[in-house]
Amino acid sequence: MRLIIPIEFYRHGGVERVIVSLISELSNQIEKIIVILPPKDLKYFQKLLPKSEKIVYEPFQLPNKKTFDTSMVGFWNKILSFNKLFKNNPQKKYINQKISQHRSQAIINYSIEKYQATHCLYALT
């Protein structure tokens with residue numbers, strides 16, 4: 001089993017300890033764990049987690065590969081830049097949600113294809 005754990009947002013403290021404990025325990029039981037983290041947190045989590053060949057770290061960044069989701073991020077960014085002319089807050093909030101949604105999905109889908117992952121644990125995001 002290959003498990004992807006996307007961690008886009010987290011808080012230091014108890015939640016962080018739960019994440020580290022969960023990944024440490026799962027690394028003993030499954031084939032591979034792909035942890036997707038913001039680039040600024042990669043080194044920090046590498047220090048906290050045990051050194052293991054089963055744990056792979058990926059940055060939470062859009063891939064250079066052109067996919068449907070990356071195209072949708074570009075589409076919503078263009079609408080957002082057009083929407084700035086009107087300064088309509090409810091629409092701006094909706095567009096930002098769509099951008100975030102497609103961005104996250106593009107990153108996760110890319111990692112799924114790259115590592116041939118079989119499962120994804122969204123509960124921590």
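Visitor: Why is Phe45 called buried?
Guide: Buried means under 20% relative accessible area, exposed over 50% and partly exposed in between, with a 1.4 Å probe and protein chains only. Phe45 comes in at 0%, so it counts as buried. Bear in mind that this is a predicted model, where local features need pLDDT of at least 70, side-chain atom pairs count only at pLDDT 80 or more, and totals for chains, interfaces and linings use all residues. Residues are numbered from 1 along each chain as its sequence is written, and side-chain values use heavy atoms, leaving out hydrogens and water.

Visitor: And what makes Tyr44 partly exposed?
Guide: Its relative accessible area is 32%, so Tyr44 lands in the in-between class.

Visitor: Why are the rings of Phe75 and Trp76 called edge-to-face?
Guide: Rings of Phe, Tyr and Trp (its six-membered ring) pair if their centres lie within 6.5 Å; planes under 30 degrees apart are stacked, over 60 edge-to-face, and the rest tilted. For Phe75 and Trp76 the centres are 5.4 Å apart and the planes at 70°, so the pair is edge-to-face.

Visitor: How many aromatic pairs does this rule give?
Guide: Three. The rings of Tyr44 and Phe45 pair up too, with centres 6.0 Å apart and planes at 90°, so they are edge-to-face.

Visitor: What makes the link between Glu16 and Tyr44 a polar contact?
Guide: Their side chains come to 2.6 Å. The cut-off is 3.5 Å between N or O atoms; within protein, one must be able to donate a hydrogen and the other to accept it, and residues adjacent in sequence count only if both atoms are side-chain atoms.
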